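Thanks for coming, everyone. I have one model to walk through today, and I'll keep it quick.

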Amino acid sequence: MKGKDSFINNKIDFESPNKNIVPLTTKINNGKLFIGGCSVEQLVRNYDSPLYILDELTLRNSCKAYKNALNKYYEGDSLPIYASKANSSLFMSNLISSEGFGLDAVSEGELLTALKGGVPYEKIVFHGNNKSDKELEFAVANKIKVVVDNNYDLERMINFSEYLDRKIKIMIRFTPGIECHTHEYIRTGSFDSKFGFGLENLTYVFEEINKFKNLDLVGLHAHIGSQIFELEPHRDLGKILVNFAIDAQKYGHRIQELNVGGGLGIKYTNEDDPPSIEDWVKTISESVTEECKKNNFQLPLLMCEPGRSIVSTSGVTIYKIGSFKEIPGLKTYISVDGGMSDNPRPITYQSNYSACLVKDPLNKNQINKYTIAGKHCESGDVLFKEIEIGSCQTGDLLCVFGTGAYNLSMSSNYNRIPRPAALLVSNGNAELIQKRETSEDLLKYDVLPDRFIKQS
Ligand code: LLP
């Protein structure tokens with residue numbers, strides 16, 4: 001087979017990073033891969049592999065695309081909120097905050113990371129279908145807005161507001177009953193979802209909150225799923241949210257904030273064609289605005305919670321190729337030095353990615369079909385069932401694109417494999433944003449009871 005056209009040559013869309021497979025700064029110099037002005041080969045020489053890399057320009061352009069579109073299409077006030085589950089770190093909290101974003105957290109760990117990273121408490125929202133008492137206390141003590149997901153949350157928030165004898169602002173999350181086309185594990189808006197109040201309970205919830213003078217229902221939230229390419233479900237969601245805000249008014253609540261969740265998909269492979277950030281924001285802004293105007297309802301603060309479309313395209317993972325196994329007439333396995341512990345998405349959702357060789361990004365060499373396996377003791381630890389890349393050998397580097405979201409944040413230490421380091425690249429500089437774990441680190445929480453004999 002001859003070298004075939006590579007996705008690396010796709011035209012780059014600087015306005016909407018989620019429409020590209022590669023980070024905006026991806027370049028080929030002397031036939032080799034550069035990101036953020038840095039030679040990927042050199043980065044691995046300095047920081048070892050596997051290696052997560054985030055490109056600052058792509059991250060910032062993604063944030064700006066949301067901000068600009070909200071300013072352009074929504075007449076009322078707006079606040080984009082980064083869904084930190086996509087990639088939570090001090091660095092990410094700090095960067096999104098510097099771009100004027102708020103942040104959504106779902107655990108005390110994410111809340112703490114946001115606060116320490118510099119996100120102002122009034123721009124943080126706290127989600128979750130089973131918040132612990134300790135987590136709720138932490139959120140309330142730090143004046144963070146809680147999104148009440150169920151009766152258990154509601155009871156505890158009532159208790160807090162009575163006990164503290166101060167007004168507490170809350171939002172409630174409901175399940176809007178909207179279907180969308182995405183993997184069933186990441187679909188959250190349908191009636192059978194574990195998240196949020198069912199529509200049939202909303203009247204009860206509105207009445208219940210009314211009984212407590214210190215509980216102030218200021219907003220409604222819904223999130224329909226993730227990696228969505230259709231605009232229609234979000235158009236419907238905008239209308240549904242406004243109509244529930246109008247209903248809430250009948251019970252004496254003044255809803256001033258509507259949060260439409262996240263969900264915009266990204267381009268992982270050439271087969272994917274997500275809408276642009278601008279079109280997504282335009283759709284939601286128009287639907288909320290039309291419905292408000294039709295019903296003479298004051299435009300609320302519009303919030304949205306993108307995660308994947310902020311951080312995924314900015315991220316790549318670099319692996320070193322190790323062993324080869326050829327099964328004649330069937331396939332050739334290449335094994336890399338990471339896998340399901342740093343990227344559990346292929347084994348969890350059968351997700352597809354794009355990749356290239358760092359030494360031959362354009363597939364100029366004779367290309368072959370390979371199966372790329374991870375190093376974990378599990379047959380399903382396969383990153384690519386079949387990929388066409390140039391001839392390669394042990395020691396060559398493979399770059400997998402689109403790994404900025406839900407890779408590091410879902411990583412594990414399966415097989416006691418330490419997590420990779422993470423770097424930020426920009427203008428030819430690389431900065432460490434997460435240290436590489438060591439095998440010693442992994443022993444940190446092991447305890448050998450005294451009656452067992454310690455081996456030296
Ligand atoms: N808001 C809420 C309440 C959410 O539950 C989520 C994602 C988001 C916002 C952000 O959605 P995004 O813009 O990233 O689509 N681990 C899965 C994705 C799970 C998404 C969970 N919730 C994956 O790797 O595909």
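Start with Ser 62, which sits in helix 2, residues 56-73. Helices here are DSSP runs of H or I with at least four residues, strands are runs of E with at least two, and both are numbered from the N terminus. Is Ser 62 buried or exposed? Ser 62 has 2% relative accessibility, so it counts as buried. The cut-offs are under 20% relative accessible area for buried, over 50% for exposed, and partly exposed in between, with a 1.4 Å probe and protein chains only. Setting aside neighbours within four places in sequence, Ser 62 contacts Pro 17, Ile 277, Ser 309 and Ile 310. Contact means heavy atoms within 4.5 Å.

A word on the source. This is a predicted model, where local features need pLDDT of at least 70 and side-chain atom pairs count only at pLDDT 80 or more, while totals for chains, interfaces and linings use all residues. Residues are numbered from 1 along each chain as its sequence is written, and side-chain values use heavy atoms, with hydrogens and water left out.

Now the domains. The assignment gives domain 1 as 7-55 + 312-442 and domain 2 as 57-310. Those bounds come from an automatic or database domain assignment. The domain centres, taken over C-alpha atoms, are 32 Å apart. Domain 1 puts 33 residues into the contact, and domain 2 puts in 30 residues.

Next, the ligand. Where does the ligand lie relative to domain 1 and domain 2? Both domains give residues to its shell, so the ligand lies between them. There are 19 residues around the ligand, and Ser 226, Glu 305, Arg 308, Arg 345 and Tyr 406 come nearest. To be near, a residue needs a heavy atom within 4 Å of the molecule. By type, the shell has six nonpolar, seven polar and six charged residues. In that count, Ala, Val, Leu, Ile, Met, Phe, Trp, Tyr, Cys and Pro are nonpolar, Asp, Glu, Lys and Arg are charged, and the others, Gly among them, are polar.

Look at the oxygen atoms of the ligand. From Arg 308, a backbone N or O atom lies 2.8 Å from an oxygen atom of the ligand. For Gly 263, again a backbone N or O atom, the distance to a ligand oxygen atom is 3.0 Å. Taken alone, the ligand exposes 580 Å², and the protein buries 91% of that. These areas use the Shrake-Rupley method with a 1.4 Å probe.

On to backbone geometry. Most residues other than glycine have a negative phi, and most peptide bonds are trans. Here are the exceptions I want to show. The peptide bond from Ser 49 to Pro 50 is cis, with omega near -5 degrees. Pro 50 is in the loop between helix 1 (40-47) and strand 4 (51-55). Asp 48 belongs to that loop between helix 1 and strand 4 too. Asp 48 is not a glycine, yet its phi is positive, about 75 degrees. With a relative accessible area of 40%, Asp 48 is partly exposed. Asn 427 also has a positive phi, near 50 degrees. Asn 427 sits in the loop between strand 19 (421-426) and strand 20 (429-434). At 75% relative accessible area, Asn 427 is exposed.

Last, Ile 12. Ile 12 lies in the segment before strand 1 (27-29). Its relative accessibility is 22%, so Ile 12 counts as partly exposed. Not counting residues up to four places away in sequence, Ile 12 touches Asn 20, Val 22, Pro 23 and Leu 24.

Methods. Polar contact = N/O pair within 3.5 Å; in protein donor to acceptor, adjacent residues only side chain to side chain.
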